[in-house]
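This report looks at a few local features of one structure and then at one chain as a whole. The sequence and the structure come first, and the reading follows.

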Amino acid sequence: MTRNNIQFDFNNPSNMDLNTLMNRMKAEDSRNLRISRSFQWIYWIMIPLYSGLLIFSTDGELNHLNRLSGLFYVLSFIVFLIIFRKNTKEFKQIDYSLPTKVMMQKAANRYQILTGRLLLVILALLLMDVGVTLKFYQELTMESGIIRVLWVQAIYIPVMTTALLIGIQVWRVKQKPIRDQALAIVKELEQ
Amino acid sequence: MANKEEQFKTIVTENSERIKRICSYYAPDPDEQKDIYQDVLINIWKSLDNFRGEAALSTWIYRIAVNTSLSYMGKSYKKMKLNVGTDTLNLNSLIQDSGYEEKLMEEEQLNRLQIELNQLSVIDKALISLQLEGLSIKEIADIIGITEPNVKVKIHRIKETLRTQLKGGDHDKE
């Protein structure tokens with residue numbers, strides 16, 4: 001919500017356009033709900049669709065390895081869906097009406113990097129890795145199975161590690177300072 | 001939803017001065033004050049569904065106003081200023097010296113107080129802003145989330161420091 005779009009007469013709050021603000025807030029609430037639902041629908045459509053196409057399809061060209069690969073893709077989608085739902089729920093529950101100390105503790109926990117969420121991301125990436133490896137295992141032409149696996153890993157691991165490192169760097173710049181400040185405040189309050 | 005809108009309008013109308021004062025403590029710049037004020041209103045709207053009446057409405061409003069003001073500063077917590085003026089309510093409660101109240105009306109003394117207030121930590125500034133609102137120790141404890149004795153000790157310590165500094169002492173600054 002861009003605050004600059006609303007004109008307040010701060011020195012004369014009775015003239016403030018509360019209706020405009022409320023309309024914008026309602027629009028924002030509906031927009032967030034719509035985005036959240038859309039993302040969930042994508043997963044709810046992709047998961048059964050991929051399950052149908054890659055695991056349970058009667059297509060004779062799908063062998064066991066293809067089906068197994070599809071299963072791992074679907075599992076990784078399920079884990080990503082869990083992460084998304086967890087994130088949405090957590091950010092929906094930010095409550096500014098809590099006592100300052102409790103709110104700061106919650107903020108510090110929310111912006112912690114080593115949480116179950118990171119483990120879930122790693123799990124989703126590992127499941128995806130297995131899916132990708134099984135898929136390309138059949139498509140690559142090298143004779144040795146190990147070389148084929150290593151070939152896939154040589155591409156997948158650096159790409160995913162780079163993505164993870166970018167994510168960690170974004171956290172360090174954007175979220176870690178907030179977490180550090182929130183922890184400093186909690187510490188001061190406990191003194 | 002219509003009920004929520006009515007409730008929101010009533011709360012904002014009845015508490016606009018209170019919210020405005022809290023915003024003005026934390027932001028010297030009128031534009032920033034407006035931004036914080038709007039953020040407070042947005043957070044009141046968002047928190048309205050969670051209001052169960054367990055805390056007094058005024059406590060609830062102060063929590064949102066203080067938490068929003070603190071969060072507004074983001075990474076710049078330490079740069080946060082606490083602004084007072086001759087029109088600030090309960091200014092004399094900081095010094096607890098009847099003779100000093102008149103001196104505070106002098107621009108130079110007020111500037112000194114302003115400088116000293118800005119040396120305080122973020123939480124001390126928040127405590128002082130609530131003290132300036134004339135809230136009781138219990139209310140401040142409910143808003144900040146610490147015990148009453150802890151609030152009492154902290155406020156006493158802040159006042160001691162301010163008094164010493166303003167009378168020319170040399171307490172260590174943070």
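B:Ser69 lies in helix 3 (residues 57–73) of chain B, where helices are DSSP runs of H or I with at least four residues, strands are E runs of at least two, and both are numbered from the N terminus. B:Ser69 is buried, with a relative accessible area of 0%; buried means under 20% relative accessible area, exposed over 50% and partly exposed in between, with a 1.4 Å probe and protein chains only.

The side chain of B:Ser69 reaches the backbone oxygen of B:Ala65 at 2.7 Å. Leaving aside residues up to four places away in sequence, B:Ser69 touches B:Ile22, B:Tyr26 and B:Ile36, a contact being heavy atoms within 4.5 Å.

## Basis of the model

This is a predicted model, in which local features need pLDDT of at least 70 and side-chain atom pairs count only at pLDDT 80 or more, while totals for chains, interfaces and linings use all residues. Residues are numbered from 1 along each chain as its sequence is written, chains are lettered from A and ligands numbered from 1 in the order in which they are written, and side-chain values use heavy atoms, with hydrogens and water left out.

## Aromatic pairs

Over all chains, a search of the whole structure finds three aromatic pairs; rings of Phe, Tyr and Trp (its six-membered ring) pair if their centres lie within 6.5 Å, and planes under 30 degrees apart count as stacked, over 60 as edge-to-face and the rest as tilted. One of them joins B:Phe8 and B:Trp45 edge-to-face, at 5.4 Å centre to centre and with 90° between the planes. This pair links distant parts of the chain, since B:Phe8 is in helix 1 (residues 2–26) of chain B and B:Trp45 in helix 2 (residues 30–47) of chain B, 37 residues apart. Both B:Phe8 and B:Trp45 are buried.

B:Phe51 and B:Trp60 form a tilted pair, with 4.7 Å centre to centre and 50° between the planes. B:Phe51 is partly exposed, at a relative accessible area of 21%, whereas B:Trp60, at 3%, counts as buried.

## One face of helix 9

The buried residues of helix 9 of chain B include B:Val151, B:Ile155, B:Ile158 and B:Leu162. Seen down the helix axis, the buried residues fall within an arc of 160°, so they line one face of helix 9 of chain B; the arc is that of the directions from the axis to the C-beta atoms. On the other side of this helix, B:Pro149, B:Lys152 and B:His156 are exposed.

## Chain A overall

Chain A has five helices and zero strands, and buried residues make up 36% of its 191 residues.

Note on methods
Polar contact = N/O pair within 3.5 Å; in protein donor to acceptor, adjacent residues only side chain to side chain.
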